[in-house]
Amino acid sequence: MKFVCEGTILSEAAFIVGKACAIRTMTPVLECIKIKAENNVLIMTAYDGEISIEKKINAEVFEEGEICVNGRFFADFMSKVSGCEVIISSNDKGIIVRYGDSETNIQTLPADDFPLISNDQVAKDNYFEIKQNDLKELVSKVTFCCATDESRPILKGCLLEAKEGKIFATALDGLRMASGWAETTDGGNMKIVCPARTLTEIARMLEGDEALRIYADRNKLSVAVNDTVITSRLYAGEFVRKENIYPINFASEVKVKKSELTQSIERAGVLTRGDKNNLVIFDIKSGKIVINANSDMGKIEETVAVELDGKELKIAMNGKYLLDAVKALTEDEIVLSFNSANAPFTIENVKDKRFQYLVMPMRTGNM
């Protein structure tokens, strides 16, 4: 194998594809990027057992061939020579990277060891289509509530349900939940649970209002953005239904300025930094919320003006979870809705109800 390529183009491609390289695996080839050179095109692919990313870039190919190179090392190294034209050739020991008057030898693995990835395995008659900006917003405002541990693997994914001209997304980790929707421009009905990581990688590549078509079947998803194709396995199992968790009625509704609440919670967060529970207590009264937080560093008590409709109450919560939800909202005024000190409460915009958040309260002996 031998080819010439602009270092900047090769570096950018390696960075994108390297996102799908496995970390700390017993299968070394899954830590690699497979580079295939043919017909003046480089096809770069990485796969960690869950998600694969394939990208094509132009290059001047003198000898066709393919090889596997450690992805994170290769991406990092190429970023250091991105200003040069790069000549890469292979031999029995690996690849030789030439740039300017210098060269570096890098060890490789045989391309035959790399898993066979086929994007054609995903059915092309089952899809939904959505504007790129709309999907990017949906992902950013929902997936941060996905679980990160392995205790319930399906909760590491986001439920996507396309129906009635909309795509509905739901994510939860057992202590909080996010849900939202966006309009689709084409496609039929589908219901899948997609890994949050997959959606995040897709969103990173999106910009503009162009329509994006996402194909999926029972166990695999595929999407192409320009010259990059992401393929991912989907999670199997029954996902928790939002309707079974989200309260229908509320005993108390609090309207508050987003900026004032955000600043107060952030100050409380400085005090509770390092506390895994980030405990904050709201004492909700007519016309105000008294916000309290304690730690070994001291105590904070602040008052934020609100409009209360309903009963007064006192409730404890994880301040970070509340802050994440508040920051995801876009209006100057937001609404927090409560039932009791032990029941989940919700956070949403006053007018735009496309995105809704739910947080479980915390039990504490300090109230």
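The legends below describe close-up views of a predicted model.

**View 1. Helices H1 and H2 pack against each other in a left-handed crossing.** The axes of helix H1, residues 7-17, and helix H2, residues 71-79, come within 8 Å and cross at roughly 150 degrees. Angles over 145 degrees count as roughly antiparallel, and H1 and H2 are therefore roughly antiparallel to each other. On the H1 side the contact is formed by Leu10, Ser11, Ala14 and Phe15, and on the H2 side by Phe74, Ala75, Met78 and Ser79. Sorted by class, the residues of this contact comprise six nonpolar and two polar ones, with no charged residues.

**View 2. Nine strands form an open sheet with antiparallel pairing.** The strands follow one another in the order E6-E2-E3-E4-E18-E17-E16-E10-E14. The edges are taken by strand E6 (65-70) and strand E14 (186-187), each of which has a single partner strand, so one side of each is left without a neighbour in the sheet. Within the sheet, strand E16 (residues 211-216) pairs with strand E17 (residues 220-225) in the antiparallel sense over three bridges, and Tyr215 stands opposite Ser222 in E17. Helix H3, residues 132-142, packs on the sheet, where it touches strand E10 (127-131) and E16, and the direction of H3 makes about 95 degrees with that of E10. Helix H4, residues 196-204, lies across strand E4 (51-58), E16, E17 and strand E18 (228-233), and runs at about 170 degrees to E18.

**View 3. Helices H3 and H4 pack together with their axes 9 Å apart.** The angle between H3 and H4 is about 140 degrees, which makes H3 oblique to H4. In this pair, H3 passes H4 in a left-handed crossing. Leu135, Lys136 and Val139 of H3 make the contact with Leu199, Thr200, Ile202, Ala203 and Arg204 of H4. The residues of the contact of H3 with H4 divide by class into five nonpolar, one polar and two charged.

**View 4. Thr198 is a residue of helix H4.** Is Thr198 buried or exposed? Its relative accessibility is 0%, and residues under 20% count as buried, so Thr198 counts as buried. When neighbours within four places in sequence are left aside, the residues in contact with Thr198 are Ile51, Leu221, Ile230 and Ser232.

**View 5. Strand E26 is largely enclosed by the rest of the structure.** This description of E26, residues 355-359, holds because five of its five residues are buried. Both faces of the strand are covered, with Phe355, Tyr357 and Val359 buried on one side and Gln356 and Leu358 buried on the other. Strand E13, residues 176-183, pairs with E26 in the antiparallel sense over five bridges, and Met177 has Leu358 as its bridge partner in E26. Strand E25, residues 345-349, likewise pairs with E26 in the antiparallel sense, here over four bridges, and Phe345 has Val359 as its bridge partner in E26. E25 and E26 form a hairpin, with five residues between the two strands.

Definitions and conventions
Residues are numbered from 1 along each chain as its sequence is written. This is a predicted model: local features need pLDDT of at least 70, side-chain atom pairs count only at pLDDT 80 or more; totals for chains, interfaces and linings use all residues. Side-chain values use heavy atoms; hydrogens and water are left out. Axes are lines fitted to C-alpha atoms, for helices over the stretch in contact, and angles run from 0 to 180 degrees between N-to-C directions. Angles under 35 degrees count as roughly parallel, over 145 as roughly antiparallel, 65 to 115 as roughly perpendicular and the rest as oblique. A crossing is left-handed if the near helix is turned anticlockwise from the far one by less than a right angle, and right-handed if clockwise. Contact means heavy atoms within 4.5 Å. Ala, Val, Leu, Ile, Met, Phe, Trp, Tyr, Cys and Pro count as nonpolar, Asp, Glu, Lys and Arg as charged, and the others, Gly among them, as polar. Two strands pair if DSSP finds at least two bridges between them. Buried means under 20% relative accessible area, exposed over 50%, partly exposed in between (1.4 Å probe, protein chains only).
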